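Hi everyone, thanks for coming. Let's take a few minutes to look at one structure together, starting with its pockets.

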Amino acid sequence: DNPLIRFVAEVIQRDSNMHHRAQQLIIDSLTRESIKVSFDDFGKVWDSIERHIAIEKKTIVLAEESLAALDHDREGLHKYLLSYLLEDEKKHDKMLADLALIRKAMVP
C-alpha cells in the first residue's frame, strides 16, 4: 500500500512491458518483414519531434536545477524521484537524438 513502493513497481512493470514490445519488434522485423522508414515518414512528424526534443532538453535543465536546489537535509525521497525523472528524460532525449541521426542519414 506504500505509494513509493507502488510507484517503483509500476515503473518497472511498464518498462518491462516496453522491453517486451521492443523485443517483439526486433523478432518480427527479423522473421516477418523488415521495418522500413522513409524520409517522408519522418517528414510527416518531424516538426512535432523537434518541439518535443526542445521540451525534453528544457525538462532536463529544470530537473538538474531542482536537484541542485534540494536542501541536503531533506534530499532522500525528493532526490530519488527527481533523479528518476532526470534519467528518464535523458533517455528520451537520447532516443530522439538517435532518431534524428537516422533521419539525417536519409537526407536525399
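The largest pocket holds about 250 Å³ of space. A pocket here is an open set of points on a 1 Å grid over the protein atoms alone, where a 1.4 Å probe fits, with protein on both sides within 12 Å along at least five of seven lines; lining residues have an atom within 4 Å of a point. The volume is the space filled by probe spheres set on the points, which are joined across faces, edges and corners.

A quick word on the source: this is a predicted model, where local features need pLDDT of at least 70, side-chain atom pairs count only at pLDDT 80 or more, and totals for chains, interfaces and linings use all residues. Residues are numbered from 1 along each chain as its sequence is written, and side-chain values use heavy atoms, leaving out hydrogens and water.

So who lines that largest pocket? You'll find M18, H19, R21, A22, L25, I26, K91, H92 and M95 there. Helix α1 (3-31) and helix α3 (75-105) each supply at least two of the lining residues, with α1 giving the largest share, six. Helices are DSSP runs (H or I, at least four residues), and strands are too (E, at least two), numbered from the N terminus.

The second largest pocket has about 170 Å³ of space, and its lining is H92, M95, L96, D98, L99 and I102.

Stepping back, the protein has three helices and zero strands. Its C-alpha atoms fill a box of roughly 55 × 30 × 15 Å along the principal axes. Thanks, folks!
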